[in-house]
Amino acid sequence: MKYVLVLIASLNFASCATPYQSSEGSLLGGFYETPLSETKYVVGFEGNGFTSRQKALSYAIKRAREVCSENGFQKANILDRNDTSTTVQTNAGNTNCAATSYGYTTNVNCQNSPATNVTKPGAEVTVECAK
């Protein structure tokens with residue numbers, strides 16, 4: 001029973017959009033920032049297949065404002081926005097087989113699973129912080 005509950009919790013967790021969190025140590029994605037100078041940063045957000053592009057951009061801008069505030073600045077001027085979304089292929093190369101037996105004969109029928117493209121939204125902004 002314990003394993004069934006873990007499996008159900010894992011499936012629920014895996015089917016959710018990326019939450020607003022740091023990407024450090026996260027398998028689901030999240031936000032990150034890279035300082036360019038004392039007042040300028042590149043801030044980004046990487047989502048999963050359940051995250052919208054608009055949400056990824058919204059989270060990047062939200063984090064940019066937080067980075068400026070955390071460093072003692074009152075203003076966050078967005079200088080540039082970039083779509084860093086990626087598309088990955090899933091289920092490529094999986095083969096499904098079914099075997100049927102009739103007396104002493106066994107027939108095996110195999111089919112390749114079709115590949116599915118999944119877009120993982122991402123956004124990066126360059127922000128300049130000011131007093």
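Predicted model: local features only at pLDDT ≥ 70, side-chain atom pairs only at ≥ 80, totals over all residues.
Trainee: What pattern does the protein chain follow along the sequence?

Mentor: Start with how elements are called. Helices (H or I, at least four residues) and strands (E, at least two) are DSSP runs, numbered from the N terminus. Here the chain has 2 helices and 8 strands. Their order is α-β-β-α-β-β-β-β-β-β.

Trainee: What percentage of the 131 residues count as buried?

Mentor: Buried means under 20% relative accessible area, exposed means over 50%, and partly exposed is in between (1.4 Å probe, protein chains only). By that rule, 24% of the 131 residues are buried.

Trainee: Which residues have the most contacts inside the largest nonpolar core?

Mentor: The general idea: in soluble globular proteins, nonpolar side chains tend to be buried together. A nonpolar core is a set of buried Ala, Val, Leu, Ile, Met, Phe, Trp, Tyr and Cys residues joined through side-chain atoms within 4.5 Å. The largest one here has 17 residues, and Tyr 41, Val 43, Phe 45, Val 125 and Val 127 have the most contacts inside it. Strand β2 (40–46), helix α2 (53–70) and strand β8 (122–130) each give two or more residues to this core. Helix α2 gives the most, with 8 residues.

Trainee: In which sense do β2 and β8 pair?

Mentor: Two strands pair if DSSP finds at least two bridges between them. β2 and β8 are antiparallel, over 7 bridges. Lys 40 stands opposite Glu 128 of β8. Strand β3 (residues 75–83) also runs antiparallel to β8, with 8 bridges. There, Ala 76 has Cys 129 as its bridge partner.

Trainee: How many residues lie between β5 and β6 in their hairpin?

Mentor: The hairpin has 2 residues between its strands, and Gly 103 in the turn has a positive phi of about 65°. Strands β5 (residues 95–102) and β6 (residues 105–112) run antiparallel and are joined by 8 bridges. Cys 97 stands opposite Cys 110 in β6.

Trainee: How many aromatic pairs does a search of the whole structure find?

Mentor: Rings of Phe, Tyr and Trp (its six-membered ring) pair if their centres lie within 6.5 Å; planes under 30 degrees apart count as stacked, over 60 as edge-to-face and the rest as tilted. The search finds 3 pairs. One of them joins Tyr 20 and Phe 31, a tilted pair at 4.9 Å centre to centre with 40° between the planes. Tyr 20 lies in the loop between α1 (2–14) and β1 (30–35), and Phe 31 in strand β1, so the pair ties together parts that are 11 residues apart in sequence. Tyr 20 is partly exposed at 24% relative accessibility, and Phe 31 is buried at 11%.

Trainee: Which charged end sits over the ring of Tyr 20?

Mentor: A charge sits over a ring if NZ of Lys or CZ of Arg is within 6 Å of the ring centre and within 35 degrees of the ring normal. Over Tyr 20 it is Lys 62, at 4.2 Å from the ring centre. Likewise, Lys 131 lies over the face of Phe 73, at 5.2 Å from the ring centre.

Trainee: With which residues is Asn 117 in contact, leaving aside its neighbours within four places in sequence?

Mentor: Contact means heavy atoms within 4.5 Å. Beyond those neighbours, Asn 117 touches Thr 87, Val 88 and Gln 89. Asn 117 is in strand β7 (residues 116–120) and is exposed, with 56% relative accessible area. Its C-alpha atom is 4.5 Å from that of Gln 89, 28 residues away along the chain.

Trainee: Where is the place of Pro 35?

Mentor: Pro 35 is in strand β1. At 56% relative accessibility, Pro 35 is exposed. Leaving aside neighbours within four places, Pro 35 is in contact with Lys 40 and Tyr 41.

Technical notes
Residues numbered from 1 in each chain as written. Heavy atoms only, no water.
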